[in-house]
Amino acid sequence: MEQVIEKESLATRGRKFYEQHLKTLLEPDNNGKFLAIEPESGKYFMGADRTSVALEALAQMPGKLFFLMRVGFPAADKLGAYGRRKGQG
């Protein structure tokens, strides 16, 4: 199987497409909504939660890869961790 080497990562292409074509169109009225962007075609899907957006995108464009992001935020999600509090445990 031949491996395809892309010049830019999916995330880079998706973010670039958003910044160049969608940011002024979608912000601030849609801040907080999720986007799935297929950067090659420019097609995007938007909704209130990431699961429904991803499922809709895959149903409409099977076999494609999507950049998932949240409008008006630097990332789609945040990472957190639980730790023991001082004096517990």
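Buried means under 20% relative accessible area, exposed over 50% and partly exposed in between, with a 1.4 Å probe and protein chains only. By this criterion, 28% of the 89 residues of the protein chain count as buried. The structure is a predicted model, in which local features need pLDDT of at least 70, side-chain atom pairs count only at pLDDT 80 or more, and totals for chains, interfaces and linings use all residues. Residues are numbered from 1 along each chain as its sequence is written, and side-chain values use heavy atoms, with hydrogens and water left out.

**Figure 1. Overall arrangement of the protein chain.** Two helices and three strands are present, in the order α-β-β-α-β from the N terminus. Helices (H or I, at least four residues) and strands (E, at least two) are DSSP runs, numbered from the N terminus. The mean pLDDT (the predictor's confidence in each residue, from 0 to 100) of the chain is 86, and 75% of its residues reach 70 or more.

**Figure 2. The kink in helix H1.** Helix H1 (residues 10-26) has a kink of about 50 degrees centred on Glu 19. The bend at a residue is the angle between axes fitted to the seven residues ending there and the seven starting there. The end C-alpha atoms of H1 span only 21 Å, whereas a straight helix of 17 residues would span 24 Å at 1.5 Å a residue. The expected span is 1.5 Å times one less than the number of residues.

**Figure 3. The buried residues of H1 and their cover.** Arg 13, Gly 14, Phe 17, Tyr 18, Leu 22 and Leu 26 are the buried residues of H1. Their cover includes strands S1 (34-38), S2 (43-47) and S3 (67-70).

**Figure 4. Asn 30 in the loop between H1 and S1****.** Asn 30 counts as buried, at 14% relative accessibility. Leaving aside neighbours within four places in sequence, Asn 30 is in contact (heavy atoms within 4.5 Å) with Met 46 and Val 71.

**Figure 5. The aromatic pair.** The structure holds one aromatic pair. Phe 45 and Phe 66 form this edge-to-face pair, at 6.1 Å centre to centre and 75 degrees between the planes. Phe 45 lies in strand S2 and Phe 66 in the loop between helix H2 (50-60) and S3, so the pair ties together parts that are 21 residues apart in sequence. Rings of Phe, Tyr and Trp (its six-membered ring) pair if their centres lie within 6.5 Å; planes under 30 degrees apart count as stacked, over 60 as edge-to-face and the rest as tilted.
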